[in-house]
Amino acid sequence: MPENEREKKRATPHRVAVLALPGVPPFELGIPSRVFGSAQDADGHPLYEVTICTADGSPVLSDAGFTVQPAAGPEALAAADTVVVPPTHAMPELGRGGPLPPEVAAAIAGIRPGTRLVSICTGSYVIAAAGLLDGRPATTHWNLAPEFRRAFPRVKVDEDVLFVDDGDVLTSAGVAAGVDLCLHMIRRDHGAAAANRAARMCVVPPWRDGGQAQFIDRPVPEVTVASTTATRAWALEHLAEPLTLARLAEHARMSLRSFTRRFRDEAGMAPVQWLTAQRLELAKQLLETTELPVDLVAHRAGLGSGNSLRAHMRAAFGTSPAAYRRAFGTGAPRGPGAERGQRV
């Protein structure tokens, strides 16, 4: 891509429209503005332009009792590159498979083909009621999954994950999972470095795997029970080294059985799965920020050989190290679609 075209692409923020519906929870409504609004390129230029809109341009009452004054009406949906639908607590008929209110249906019908659609928590009900999730994988809040499945039987619901990326349609679980999904989208659009910068600005963890369990029975250990937190922090500093389950358990001063159980309780996944995910994150960062050969990137990330890294990246992201570097490396053109969407 010629340099002038690359600069023009970088100078045009991706347009995100957030549809505020009656009964919207303020926290979920604010997630896209806060996370996407924190995303900048290496030179400090904004990567996204976020607009809060309503279906008819009128103010809506949030579920916290105050009114949300939108910046735009349905025209923002028609002009957007990405549309985000936060939850609503004022449309109980959707839980019974009922239709969308006419003004909401008309606003969604005006979204351009090819626009990326995103739901946070029960915003999935709105997208499903519009028929846009039929035959597709999706998630929603774990506690409402049985109701969602009855109301929208054509949707392939998975309530056990934080979010599902089906390419042009993405859905997240409840509440804070919306933060994870927005960071995932920044990572997909602009690479790990940009997502990490946004996470630091929001003071949140930069990455939680979409396949991580929504509901962890014991996320905070009891005072009298040992935690794996220190061992996970230690492992992140030693990813290039052989980290067997036995070595991790020894560092945590636990038996293999106790360590594995406690790790899964706290992290929502098995130790080996977590290690692989962290190593892939490090590999992506090295591919973005260095010119190291692929074999050396694999070694520093603890993934062994270049062939091993290629296999892992192909399985996890549907791309190769070389293609990822071309898309997100220093000086590469950035933007939505640079990395293939994944189902997680």
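Colleague: Hi! Before we start, what does "buried" mean here?
Modeller: Hello! A residue is buried if its relative accessible area is under 20%. Keep in mind too that this is a predicted model.

Colleague: Thanks. Are Phe36 and Tyr48 buried or exposed?
Modeller: Phenylalanine 36 is buried, and tyrosine 48 is buried as well.

Colleague: And how many residues does the largest nonpolar core have?
Modeller: That core has 34 residues. Those with the most contacts inside it are Leu29, Val35, Phe36, Tyr48, Val68, Leu183 and Ile186.

Colleague: Which helices and strands each supply at least two residues of this core?
Modeller: Strands E1 (14-19) and E2 (48-53) do, along with helices H2 (26-36), H7 (177-190) and H8 (192-202). The largest share comes from H7, with seven residues.

Colleague: Fine by me. What is Val68 in contact with, leaving aside its neighbours within four places in sequence?
Modeller: Valine 68 is then in contact with Ala20, Val24, Leu29, Ile52, Pro59, Val60 and Ser62. Apart from the core we discussed lies another one, of 32 residues, including Cys53, Ala80, Leu100 and Ala138.

Colleague: Let's switch to rings. How many aromatic pairs are there?
Modeller: The count comes to seven aromatic pairs. In one of them, phenylalanine 36 and tyrosine 48 are 4.7 Å apart centre to centre, with 45° between the planes, and the pair is tilted. Phenylalanine 36 lies in helix H2 and tyrosine 48 in strand E2, so this pair ties together parts that are twelve residues apart in sequence.

Colleague: What about Tyr125 and Phe152, how are their rings arranged?
Modeller: Their centres are 5.9 Å apart and their planes are at 85°, so that pair is edge-to-face. Tyrosine 125 lies in helix H5 (residues 123-129), while phenylalanine 152 is in the loop between helix H6 (145-151) and strand E8 (156-157), so parts 27 residues apart in sequence are tied together. Both tyrosine 125 and phenylalanine 152 are buried. Together with Phe148, they form one aromatic cluster.

Colleague: Nice. Which charged ends sit over a ring?
Modeller: The charged end of arginine 232 sits over the ring of phenylalanine 263, 5.8 Å from its centre. The charged end of lysine 284 sits over the ring of phenylalanine 317, 4.1 Å from its centre.

Colleague: Phe263 is in H11, I think. Which residues of H11 are buried?
Modeller: They are Phe259, Arg262, Phe263, Asp265, Glu266 and Ala267. These cover an arc of only 165° around the axis, which puts them on the same side of H11.

Colleague: What do they pack against?
Modeller: The buried residues of H11 pack against H9, H10 and H12.

Colleague: How far does H11 reach, and what follows it?
Modeller: H11 has twelve residues and reaches 16 Å from its first C-alpha to its last, close to the 16 Å expected at 1.5 Å a residue. Glycine 268 follows H11, and its phi is positive, near 80°.

Colleague: Last one: which residues of H10 are buried?
Modeller: In helix H10 (residues 245-252), the buried residues are Leu248, Ala249 and Ala252. Seen down the axis of H10, they fall within an arc of 95°, so they line one face of the helix. Their cover includes helices H9 (229-236), H11 (256-267) and H12 (271-289). Arginine 253 follows H10, with a positive phi near 60°.

How values were computed. Residues numbered from 1 in each chain as written. Predicted model: local features only at pLDDT ≥ 70, side-chain atom pairs only at ≥ 80, totals over all residues. Heavy atoms only, no water. Buried < 20%, exposed > 50% of the residue type's maximum accessible area, 1.4 Å probe, protein only. Helix = DSSP H or I, 4+ residues; strand = E, 2+ residues; numbered from the N terminus. Arc of directions from axis to C-beta. Contact = heavy atoms within 4.5 Å. Core = buried A, V, L, I, M, F, W, Y, C linked by side-chain atoms within 4.5 Å. Phe/Tyr/Trp six-rings, centres within 6.5 Å; stacked < 30°, edge-to-face > 60°. Lys NZ or Arg CZ within 6 Å of the ring centre and 35° of its normal. Expected span 1.5 Å × (residues − 1).
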